[in-house]
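Please look over the sequence and the model shown below before reading on.

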Amino acid sequence: TKKLLREQTKEYSTPGFDKKMIKKLYKCAPNLAVLYMKFIFPFLPILDGDFLGKIFSNETVEFNDINGGSPLFTLLLAKIGKGWERHDTSMSIFFDDQELPILKNRNELFTVAWNLLQDELHTPDLTTVKSLILFFQIISFKKYSQSNSFERTVLSNLVSVCFTLGLHVDCSDWKIPDDEKALRKRLWWTVFIMEKWNNFVVGTPSLINEKSYNVEIPSDINELFEDVSQYFSDTNSKKFFLKLIELTFILNDTDEKLFSFQCVPKEEKPDAIRGFEEKLSIWYDGFKEVESASSVPFHSITLSYFVLKLILFRSRFQIYGVNKFKDICFDDAKVLLRDIVKFLRNLPSLVIHGFWYNWSRSLFMYIKDFSLLLVVISSTKEQSLEVLNIIKDFREWLEMNSKTLCLLWTTLLRINTATSSIGTQFKNSLKRR
């Protein structure tokens with residue numbers, strides 16, 4: 001026991017993250033939890049009733065004790081919650097940059113968090129899963145590059161820990177508390193969603209196949225949030241999480257039937273695409289009902305829906321080739337692109353700077369690539385100008401928001417480079433005419 005305690009002390013004495021900082025973070029845990037529940041929990045529902053009960057109770061001694069909580073998880077909770085500190089005026093008392101410099105230094109924070117994660121991975125528990133989820137979400141929000149192999153490593157570790165802890169197994173009949181059952185299921189579906197979308201948008205194979213788990217989507221959505229019902233009672237936000245799971249299943253089927261090595265034959269793909277479009281239409285009708293009745297903006301998943309429709313057009317392009325695609329699909333593709341840009345331009349500033357899933361970064365790149373494709377294959381001057389005007393609106397939106405929303409920066413940089421080149425070529429072609 002003494003040896004374990006000594007090792008634990010070493011862990012908490014990680015350079016750049018000492019006991020003083022940990023205690024400072026613990027003191028603001030209730031504030032962090034409130035911000036998380038209000039702005040992030042509907043998207044990443046990973047906090048549990050036991051954790052919330054401890055930090056909201058009057059008996060916070062156990063949590064404030066350095067041996068009672070998780071320094072790593074609290075650090076990541078502070079980092080992701082810091083984006084909403086403007087909504088809690090008391091947070092400035094706790095978030096003194098002089099006392100918690102690690103929250104301002106991205107490289108130092110990630111180094112400390114990764115070192116602590118490596119220690120936890122030897123004997124992981126459910127808090128380790130929560131920490132990996134937050135870490136994976138946070139590391140993706142960077143300014144200058146797209147997804148990299150380190151992010152894939154973190155995601156792989158996350159899925160591996162879930163399998164190790166049996167989150168992929170239906171625990172409905174297990175002899176464990178109902179609150180733990182609800183948490184285990186929420187964690188599994190959160191990881192399932194993040195894994196499927198992130199691997200799809202970067203073109204890497206999924207780490208989870210349908211034969212590797214048997215967790216069922218609950219027929220009663222309240223059952224999934226039973227342990228946090230006291231703190232999270234918005235039924236429509238709960239339904240949103242269910243709709244996101246449904247959309248992820250459509251994404252998974254799309255990937256398997258249209259893009260995997262076991263995809264359907266080429267001649268069957270047009271029918272498969274029409275089937276997916278019908279599923280997306282039905283899904284979106286149900287999603288709009290949930291969205292209109294909820295106070296939480298679900299812009300990140302709406303964009304995911306739009307880009308999934310866009311990907312179906314990309315699949316048609318692969319099937320038909322340039323000429324047939326222009327004849328059959330160009331006008332509809334242009335309408336979809338216009339709808340996407342209109343959706344983005346109509347987003348209020350508060351929503352734009354709200355929560356985005358980490359795969360959203362790649363979605364903006366998909367929009368950029370698709371818009372440039374339409375310019376390149378345009379047959380007439382009028383078609384080119386129409387698409388270029390849509391791209392102009394998209395680029396203006398990126399310019400207006402990229403300074404404060406860093407995941408837009410790479411898309412803006414690349415679209416500026418591409419449109420500059422295309423614009424020069426377009427002007428030269430007009431002169432020749």
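In this predicted model, helix α9, which spans residues 126-139, and helix α10, which spans residues 149-164, have axes that come within 10 Å of each other and cross at roughly 160°. Because an angle over 145 degrees counts as roughly antiparallel, α9 is described as roughly antiparallel to α10.

**Helix pair α9 and α10**
- The crossing in which α9 passes α10 is left-handed.
- On the α9 side, the contact is formed by V129, L132, I133, F135, F136 and I139, and these meet F150, E151, R152, V154, L155, N157, L158, V161 and C162 on the α10 side.
- Sorted by class, the residues in the contact of α9 with α10 comprise twelve nonpolar, one polar and two charged.

**The chain as a whole**
- The protein chain contains 20 helices and zero strands.
- Of the 433 residues in the protein chain, 53% are buried.
- Among the contacts in the protein chain that have a separation of 6 or more, 75% are between residues 24 or more positions apart.

- How many disulfides does the structure hold? The number is zero, where a disulfide would be a covalent bond between the sulfur atoms of two cysteines.
- C28 has a relative accessibility of 0%, and therefore counts as buried, since the cut-off for buried is under 20% relative accessible area.
- C329 is likewise buried, because its relative accessible area is 3%.

Key: Residues are numbered from 1 along each chain as its sequence is written. This is a predicted model: local features need pLDDT of at least 70, side-chain atom pairs count only at pLDDT 80 or more; totals for chains, interfaces and linings use all residues. Side-chain values use heavy atoms; hydrogens and water are left out. A disulfide is a pair of cysteine sulfur atoms within 2.5 Å. Buried means under 20% relative accessible area, exposed over 50%, partly exposed in between (1.4 Å probe, protein chains only). Axes are lines fitted to C-alpha atoms, for helices over the stretch in contact, and angles run from 0 to 180 degrees between N-to-C directions. Helices (H or I, at least four residues) and strands (E, at least two) are DSSP runs, numbered from the N terminus. Angles under 35 degrees count as roughly parallel, over 145 as roughly antiparallel, 65 to 115 as roughly perpendicular and the rest as oblique. A crossing is left-handed if the near helix is turned anticlockwise from the far one by less than a right angle, and right-handed if clockwise. Contact means heavy atoms within 4.5 Å. Ala, Val, Leu, Ile, Met, Phe, Trp, Tyr, Cys and Pro count as nonpolar, Asp, Glu, Lys and Arg as charged, and the others, Gly among them, as polar.
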